[in-house]
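I opened this model to look up a few things and wrote them down as I went. The entries below follow the order in which I looked.

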Amino acid sequence: MLDGDPIIKSPKIGSVIDFDVKQDYLDFQKQYLTDFSNLKIAIDCSNGMAGLLIKDILSDSPLYIHEKPDGNFPGHEPNPLVMKNVRDLQDLVDKEKCDIGVVFDGDADRVMFVDENSKFVSPDLIIAVLAEYFFVEKGLKGKVLQDIRTSKSVSEYLHRFGTDVSIWKVGRAFAALKLREIDGVYGGELAGHYYFSDFYYSDSGILACLLVLGIVSKIKEQGKGFSDLINSISKYANSGEINFKIERKQEAMEALKEHFMESETPVAFYDFDGYRIEFEAWWFNIRPSNTEPYLRLLVEGNTEGVLKEKLQTIREIIQRFN
């Protein structure tokens, strides 16, 4: 409708139907609830939406912090990707000797974890962890989706189960559609989003939490900790995502691509959402922010030495475009 166009009223009058979806939602989530009474669990709700529901599912047995929803976020900023926002959870896990810590973001569509040693678990590794439920426990077959920043450790671990792994763009708007397109079993992102075909190909932090708790409970029965599973998955030195404030983003990206593709032979190349270029001993993803003057970089190497060397070279090239 354009400005000035007349408003045409429909001859049909709508109606309001009261329908409480909360119980149906809880019943759906509880399908994935298993007996993890052998675990001591710490949960940080970040004063966000998880506090409205999580006790209805897990009861009062976990240790909760910042569980009261409060839009002022008095506990900490509700973004677990910023490490200072995870410190309260890490301190609680350490103090109470918990088996696992769980932290949700503000709207509880994202979830992240710390292990029994209070070490933050890189969220992309949880994509591999979830294979223990879907491919080991349930015996399913199918594709898994990961974003372009995901560690090579994940795809290598998933290949043990004969699983095809699809790499795609960063962001919920892209991932949910892509998982449906490939008819994948599940998918995940470095940002802590996890998508499930059984959840209409959408993301659920609570569902991911329940699945991970069940997995950690089972490995504890085998005399192992959460860190043992993570260590069996993670094989590479990883930089984490690094931001460079720079205006000439595309020029810097092209310079990186030209330098490394001329000096080494790539084994894989992806040119969506920036570039992901893989070599025998390392790989990197460089992508521009769509809303800020930032380039976002992630580098992974077979060793710490390789990682340090490549990071230094990349920094020197990017600095030319400040």
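**Entry 1: two serines in loops**

I started with Ser-118, which sits in the loop between E4 and E5; the helices (H or I, at least four residues) and strands (E, at least two) I name are DSSP runs, numbered from the N terminus. I am working on a predicted model, in which local features need pLDDT of at least 70 and side-chain atom pairs count only at pLDDT 80 or more, while totals for chains, interfaces and linings use all residues. Residues are numbered from 1 along each chain as its sequence is written, and side-chain values use heavy atoms, with hydrogens and water left out.

Ser-118 is not a glycine, yet I read a positive phi of about 70° for Ser-118. Is Ser-118 buried or exposed? Ser-118 is buried, with a relative accessible area of 12%. For the cut-offs, buried means under 20% relative accessible area, exposed over 50%, and partly exposed in between (1.4 Å probe, protein chains only).

I then found Ser-59, another non-glycine residue with a positive phi, here near 65°. Ser-59 belongs to the loop between helix H2 (54-58) and E2. At a relative accessible area of 39%, Ser-59 is partly exposed.

**Entry 2: strand E3 and its sheet**

Next I looked up the sheet. In what order do the 5 strands of the open sheet lie? The order is E2-E1-E3-E4-E5, and the pairing is mixed. I count two strands as paired if DSSP finds at least two bridges between them. Strand E2 (63-65) and strand E5 (120-121) are the edge strands, each pairing on one side only.

I went through the pairings of E3 in turn. Strand E1 (residues 41-44) pairs with E3 in the parallel sense over 4 bridges, and Ile-43 stands opposite Val-102 in E3. E3 and strand E4 (residues 111-114) run antiparallel and are joined by 4 bridges; here Phe-104 faces Val-111 in E4. The hairpin of E3 and E4 has 6 residues between the strands, and Ala-108 in this hairpin takes a positive phi near 65°.

How many residues of strand E3 (residues 100-104) are buried? I get 5 of its 5 residues. Both faces are covered, with Ile-100, Val-102 and Phe-104 buried on one side and Gly-101 and Val-103 on the other.

**Entry 3: helix H9**

I checked helix H9 (residues 226-233) for burial and found Phe-226, Ser-227, Leu-229, Ile-230 and Ile-233 buried. Seen down the axis of H9, these buried residues fall within an arc of 160°, so they line one face of the helix. The arc is that of the directions from the helix axis to the C-beta atoms. The general rule I keep in mind is that an α-helix has 3.6 residues a turn, so residues three or four places apart point the same way.

**Entry 4: Ser-202**

Ser-202 is in strand E10 (residues 202-203) and is buried, with a relative accessible area of 15%. Which residues does Ser-202 touch, not counting residues up to four places away in sequence? I list Arg-172, Tyr-194, Tyr-195 and Phe-196, where contact means heavy atoms within 4.5 Å.

**Entry 5: salt bridges**

I searched the whole structure and got 18 salt bridges. The criterion is a side-chain nitrogen of Lys or Arg within 4 Å of a carboxyl oxygen of Asp or Glu.

Asp-99 and Lys-220 form a salt bridge through their side chains (3.1 Å, N to O). This pair links distant parts of the chain, 121 residues apart: Asp-99 is in the loop between helix H3 (87-96) and E3, and Lys-220 is in helix H8 (residues 205-221). Asp-99 counts as buried at 17% relative accessibility, whereas Lys-220 is partly exposed at 33%.

Glu-137 meets Lys-218 in a salt bridge, with the closest N and O atoms 3.7 Å apart. Glu-137 lies in helix H5 (residues 131-137) and Lys-218 in helix H8, so this pair ties together parts that are 81 residues apart in sequence. Glu-137 is partly exposed at 37% relative accessibility, and Lys-218 is partly exposed at 33%.

Glu-241 and Arg-287 make a salt bridge of 3.5 Å, N to O. Glu-241 is in the loop between strand E11 (237-238) and strand E12 (242-245) and Arg-287 is in strand E15 (residues 282-288), so the pair ties together parts that are 46 residues apart in sequence. Glu-241 is partly exposed, with a relative accessible area of 34%, while Arg-287 counts as buried at 9% relative accessibility. I also noted that Asp-147, Arg-149, Glu-241, Asp-273 and Arg-287 are linked in a network of salt bridges.
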